[in-house]
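Please keep the structure open as you read.

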Amino acid sequence: MSTSTLPKLHDTAKDFMPINGTDYLELYVSNSKQAAHFYKTAFGFQSLAYAGLETGLKDRESYVVVQDKIRLVLTSPLKSGTDIGRHIDQHGDGVKVVALWVDDATYAYNTAMERGAKSYMEPKVEEDKTGKIVRSGIYTYGETVHIFVERKDYNGTFMPGFRKWETPDYNPSPVGLKFVDHMVGNVGWNRMNEWVNFYENVMGFTQILSFDDKDISTDFTALMSKVMSNGNGRIKFPINEPAEGKKKSQVEEYLDFYEGEGVQHIAVATDDVIATVRQLKSRGVEFLKVPDTYYDAVLDRVGEIDEDIAPLKELGILVDRDDEGYLLQIFTRPVEPRPTMFFEIIQRKGAQSFGKGNFKALFEAIEREQELRGTLH
Ligand code: FE2
């Protein structure tokens, strides 16, 4: 399939798995309290909800932070020997749950199960005085799971079991992050098509783009990627697998350090990437750096854009164009000790693609970081 044109998304009337959007992302982390502070301070998230000892939980604690449509649940165990603790021991901090907002979580679960999904959680009704939520869950790649969330009968802060988390003394301002644009999974050698088939057959997604190792390679490293989208296009999951290169690719490095398949990056959308990135940088978020020479030829490649080049160059923001418009994007360094998960900040100005024109410059920047970590060999 050509990578420059996007096919029309399939007819949503025939969509057997309607999804309204991303409901929340749950990260298992070693210190939820400090992680919540980090996402507030550095990324501009706001305090939303809490569950833990004070709400009657004995084994774990979760802080929920929010920015526009993005909700992060940060969960840590309160004792040894838990499944959460084992997950963190194996993978380090990372995404456990990609929760999908649906109208009917029982239907979504039954449909996925009939189509060959592996169960994580049977449909379960959770209630409090503000209403009820139904959740169900299935496994995807690695130990990552999708939880279907039905919240049409719920009016509370987040979910039953959580109370409002109020922090009157410390509420750093948001930085303009709006919603999850896409979320990328790294899977093992020769496993990409297996997961493409899973999203097609079990979840009703379609493949909208494909990149082979010729598209995504430098002199040293390579990977392959296919992008899966649900019917209304609100959920986009690129799936990467490593490809043979002279040296170890970033996907292999991820798989080694995550000790399995998992979420590689969370791309979050902004309406003003320059203002957002300026804020993030001033708050200590670290970004990958492409060489200044990237900007010498960028306008020849992408044509006219609304933004001045100077602030893009100063902040290290990348630009790419496809048939429908252009996009501005930048990638953080990993946000935990292991070189695993990171964030992308993206502003779309028409373009619906993923920055193919930036892959080479970007992967060379990643290789320079791998070199420093001693993992490029
Ligand atoms: Fe991305």
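The sections below cover pockets, cavities, ring pairs and charges over rings.

## The largest pocket

Please bear in mind that this is a predicted model. Its largest pocket has a volume of about 540 Å³. The lining is made of 24 residues, and those closest to the centre are Glu-26, Tyr-28, Arg-60, Lys-124 and Arg-135. Elements that give two or more residues to this lining are the strands β1 (21-28), β3 (60-67), β4 (70-77) and β6 (119-128), together with the helix α2 (83-91).

Strand β6 provides the largest share, 4 residues. Sorted by class, the lining of the largest pocket holds 13 nonpolar, 4 polar and 7 charged residues.

## The second largest pocket

The second largest pocket holds about 370 Å³ of space. Its lining has 16 residues, with Asn-20, Gly-21, Thr-22, Lys-69 and Phe-179 nearest the centre. Two or more residues come from each of β1 and β10 (177-186).

Which domains contribute to the lining of the second largest pocket? Domain 1 (12-164) and domain 2 (175-373) each supply at least three residues. By class, this lining has 4 nonpolar, 4 polar and 8 charged residues.

## Enclosed cavities

Across the whole structure, a search finds 3 cavities of 30 Å³ or more. The largest cavity has a volume of about 240 Å³. It is lined by 22 residues, and Asn-240, Gln-264, His-265, Phe-359 and Phe-363 lie nearest its centre. Elements supplying at least two lining residues each include β12 (222-229), β13 (236-243), β14 (262-270) and α9 (359-373). Helix α9 gives the most, with 4 residues. The class count for the lining of the largest cavity is 14 nonpolar, 7 polar and 1 charged.

The second largest cavity has a volume of about 150 Å³. Of its 15 lining residues, Glu-253, Pro-334, Phe-342, Ile-366 and Arg-373 are the closest to the centre. Here α5 (250-258) and α9 are the elements that give two or more residues. The lining of the second largest cavity divides into 6 nonpolar, 5 polar and 4 charged residues.

## Aromatic pairs

The count of aromatic pairs comes to 22. Why is the pair of Tyr-24 and Phe-158 edge-to-face? The ring centres of Tyr-24 and Phe-158 are 5.5 Å apart, and the pair is edge-to-face because the planes meet at 75°, where over 60 degrees is the requirement. This pair links distant parts of the chain, with Tyr-24 in strand β1 and Phe-158 in the loop between β8 (145-150) and β9 (163-164), 134 residues apart.

Are these two partners buried or exposed? Tyr-24 counts as buried at 2% relative accessibility, and Phe-158 is buried with a relative accessible area of 1%. Tyr-294 and Tyr-295 also form an edge-to-face pair, 4.8 Å centre to centre with 75° between the planes. Both Tyr-294 and Tyr-295 are buried. Elsewhere, ring pairs join Tyr-141, Trp-195, Phe-198, Tyr-199, Phe-205 and Phe-237 into a cluster.

## Charges over rings

The charged end of Lys-118 sits over the ring of Tyr-139, 4.3 Å from the ring centre. For Arg-348, the charged end sits over the ring of Phe-354, 5.3 Å from the ring centre.

Methods:
Residues are numbered from 1 along each chain as its sequence is written. This is a predicted model: local features need pLDDT of at least 70, side-chain atom pairs count only at pLDDT 80 or more; totals for chains, interfaces and linings use all residues. Side-chain values use heavy atoms; hydrogens and water are left out. On a 1 Å grid over the protein atoms alone, a cavity is a set of points where a 1.4 Å probe fits but cannot get out, and a pocket is an open set with protein on both sides within 12 Å along at least five of seven lines; lining residues have an atom within 4 Å of a point. Grid points are joined across faces, edges and corners, and a volume is the space filled by probe spheres set on the points. Ala, Val, Leu, Ile, Met, Phe, Trp, Tyr, Cys and Pro count as nonpolar, Asp, Glu, Lys and Arg as charged, and the others, Gly among them, as polar. Domain bounds come from an automatic or database domain assignment. Rings of Phe, Tyr and Trp (its six-membered ring) pair if their centres lie within 6.5 Å; planes under 30 degrees apart count as stacked, over 60 as edge-to-face and the rest as tilted. Buried means under 20% relative accessible area, exposed over 50%, partly exposed in between (1.4 Å probe, protein chains only). A charge sits over a ring if NZ of Lys or CZ of Arg is within 6 Å of the ring centre and within 35 degrees of the ring normal.
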